[in-house]
Amino acid sequence: KQWYQRRLAITAGGAPPLVHKTILYGSSTGAIGLIGCIEKPLFDLLLTLQEALARTVTSIGCIPHNVWRAFHNDRQKEPANGFIDGDLIERFLDLPRPEMNKICVDLFYDFDGTGMKREGTVDDLVKLIEDLARIH
């Protein structure tokens, strides 16, 4: 078994990289995933978006998102902390426009790269999520 390390930096329109220090991995079940670091303001935005989506999107089997992503075995259960679920974030793109508008309320971020936070629009979030989705 070998690990191959490559540098991967994803940027949005010439801005600083959205994701850095990435690890691309494959599992024994055939899954492929990516773990990367993001800056705190982007993490906060995506966490807020993830929480809003978890309240809005119905999951398969009606299992709450926090239960689905939590670690559990025979001895313990631990919530997933410090992670953004890219699959859930990408489900924003499948929502009807009115639902997207409801979720965008109170999501503030420096969408323009000017150093000034502003409330995001549906188009801002769609562009950001599509940029992040291009990573994999």
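**Figure 1. Where α1 meets α5.** In this predicted model, L42, L45, L46 and L49 in α1 meet L125, L128, I129 and L132 in α5, where contact means heavy atoms within 4.5 Å. Sorted by class, this contact of α1 with α5 has 8 nonpolar, no polar and no charged residues. As for the classes, Ala, Val, Leu, Ile, Met, Phe, Trp, Tyr, Cys and Pro count as nonpolar, Asp, Glu, Lys and Arg as charged, and the others, Gly among them, as polar. The axes of α1 (residues 40–56) and α5 (residues 122–133) come within 13 Å and cross at roughly 105°. That makes α1 roughly perpendicular to α5. (Under 35 degrees counts as roughly parallel, over 145 as roughly antiparallel, 65 to 115 as roughly perpendicular, and the rest as oblique. Axes are lines fitted to C-alpha atoms, for helices over the stretch in contact, with angles from 0 to 180 degrees between N-to-C directions.)

**Figure 2. Where α4 meets α5.** The axes of α4 and α5 come within 9 Å and cross at roughly 95°. So α4 is roughly perpendicular to α5. From α4, the residues in the contact are R97, M100, N101 and C104, and from α5 they are V122, D123, L125 and V126. By class, that gives 5 nonpolar, 1 polar and 2 charged residues.

**Figure 3. The largest nonpolar core.** This core has 26 residues, and those with the most contacts inside it are L45, L49, L53, F92, I103, L125 and L128. A nonpolar core is a set of buried Ala, Val, Leu, Ile, Met, Phe, Trp, Tyr and Cys residues joined through side-chain atoms within 4.5 Å. Which elements give two or more residues to this core? They are β2 (17–26), α1, α3 (86–90), α4 (97–104) and α5. Zoom in on L49 and you'll find it touching I89, F92, I103, L107, L125 and I129, leaving out residues up to four places away in sequence.

**Figure 4. A look at L128.** You'll find L128 in helix α5. Is L128 buried or exposed? At 7% relative accessibility, L128 counts as buried; the cut-offs are under 20% relative accessible area for buried, over 50% for exposed, and partly exposed in between (1.4 Å probe, protein chains only). Skipping residues up to four places away in sequence, L128 touches L18, L42, L45, L46 and F111. L18 and L128 are 110 residues apart along the chain, yet their C-alpha atoms are separated by 9.2 Å.

**Figure 5. An aromatic pair.** Searching the whole structure turns up 1 aromatic pair. The ring centres of Y109 and F111 are 5.3 Å apart and the planes are at 80°, so the pair is edge-to-face. (Rings of Phe, Tyr and Trp, using its six-membered ring, pair if their centres lie within 6.5 Å; planes under 30 degrees apart count as stacked, over 60 as edge-to-face and the rest as tilted.) Both Y109 and F111 are buried.

**Figure 6. D106 in its loop.** D106 sits in the loop between α4 and β6 (108–109). D106 isn't a glycine, but it has a positive phi of about 70°. At 53% relative accessibility, D106 counts as exposed.

Figure 7. The chain has 5 helices and 7 strands; helices (H or I, at least four residues) and strands (E, at least two) are DSSP runs, numbered from the N terminus. Of its 136 residues, 27% count as buried.

**Notes.** Residues are numbered from 1 along each chain as its sequence is written, and side-chain values use heavy atoms, with hydrogens and water left out. Since this is a predicted model, local features need pLDDT of at least 70 and side-chain atom pairs count only at pLDDT 80 or more, while totals for chains, interfaces and linings use all residues.
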